[in-house]
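Please consult the sequence and coordinates shown below while reading.

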Amino acid sequence: MARFKNKRNARAKPPVVNKQPSVDQVSGDKIPKSFVFARGKLPGPLKQLELDLRRMMLPYTALKLKEKKRNNLKDFLNVAGPMGVTHFLILSYPKSVPHLRVARTPQGPTLTFHIHEYALASDIARSQSRPRCPPEIFKNSPLIVLSGFGGGGQHLKLATIMFQNIFPAIDINTVKLASCQRLVLLNYNAEEKLIDFRHYSIRLQPVGVSRKIRKLVQNHQVPDLRNLQDVSDFVTKAGYGSESEPDDEAATVSLASDLDKINRASTKSAVKLQEIGPRMTLRLVKVEEGLCSGAVIFTEFGKEVTEATSAGDEED
């Protein structure tokens, strides 16, 4: 006779942060991991932005994190500790104004941003004639580049430390070029006090090689030569070789090692950035010393309230 399991004895499975090492095998440093979730009810587009942010934070995040209305911040914090989660990204919609909080667990600090504008990954793809976002680029964390944050107040220094530590650090002496396939760029506009947040894919293309030849090497597909007199026509005939993209000398690099079959060591390759989203324009409105609580270090409409040195130590 078949046995039926007692539902009351069934234990809920904890959220799964993609199975990755907790410590960097080269540097020995703890790898930052994140939870991306919402507090309160979100409209449909913001809910999709939450999913886009989770995908951007891959592979060290819980992509399928489940949320319930009765969950509070302490519930997420209790799960975060055993799983090695170091950062929370929290979306909310108070008074119909979207906000993003970025917090260091377990004791803070917390940075609160007002989202002035945003575009979803699907919006970015629809605006491009040739969108490119292969799944394999999410197997490694993105590089992060900060621009314009130097020379600001203590709140900008805290923002710099927070964003620098939200992704794993890289060692330029040991990093593999093939793992550098995404880039997160944050540019601070001091005049408008806004942060432009962009997410790009990175790809290298050998200089002077047409698109047809690149596809032939990469896809291992036999080209259709029935209407050609000679195989050389495949390269030289108008309509084939003309697809080669213009090369910008300022955007080329010489590779130190082989990247793939068409990007070889000691050859020049063009660096191509293509936006994959999400895109946001943020304004830093508040910095709190603790985890979504505690002394207010900075507010947009006031002066710094307390010394921020203690909160800065939390990031070390």
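This is a predicted model: local features need pLDDT of at least 70, side-chain atom pairs count only at pLDDT 80 or more; totals for chains, interfaces and linings use all residues.

Residues are numbered from 1 along each chain as its sequence is written, and side-chain values use heavy atoms, with hydrogens and water left out.

**Cavities**

- Rolling a probe the size of a water molecule over the atoms shows where empty space is left.
- Two cavities of 30 Å³ or more are found in a search of the whole structure; a cavity is a set of points, on a 1 Å grid over the protein atoms alone, where a 1.4 Å probe fits but cannot get out.
- The volume of the largest cavity is about 80 Å³, a volume being the space filled by probe spheres set on grid points that are joined across faces, edges and corners.
- The lining of the largest cavity includes Leu53, Met56, Phe163, Phe197 and Met280, where lining residues have an atom within 4 Å of a point.
- Helix 1 (44–56) and strand 3 (99–104) each contribute at least two residues to this lining; helices (H or I, at least four residues) and strands (E, at least two) are DSSP runs numbered from the N terminus.
- The lining of the largest cavity comprises twelve nonpolar residues, no polar and no charged ones, with Ala, Val, Leu, Ile, Met, Phe, Trp, Tyr, Cys and Pro counted as nonpolar, Asp, Glu, Lys and Arg as charged, and the others, Gly among them, as polar.

**Salt bridges**

- The whole structure holds eight salt bridges, each defined as a side-chain nitrogen of Lys or Arg within 4 Å of a carboxyl oxygen of Asp or Glu.
- Lys47 and Glu50 form one of them, at 3.2 Å from N to O; the two residues are three apart in helix 1, and therefore separated by about one helical turn.
- Lys47 is partly exposed at 37% relative accessible area, whereas Glu50 is buried at 0% (buried means under 20%, exposed over 50%, partly exposed in between, with a 1.4 Å probe and protein chains only).
- A network of salt bridges links Lys47, Glu50, Arg54 and Glu67.
- Arg279 and Glu275 meet at 2.8 Å from N to O; Arg279 is partly exposed at 31%, and Glu275 is buried at 13%.
- Glu288 and Lys286 are paired at 3.9 Å from N to O, with Glu288 buried at 8% and Lys286 partly exposed at 29%.

Note on methods. On a 1 Å grid over the protein atoms alone, a cavity is a set of points where a 1.4 Å probe fits but cannot get out, and a pocket is an open set with protein on both sides within 12 Å along at least five of seven lines; lining residues have an atom within 4 Å of a point.
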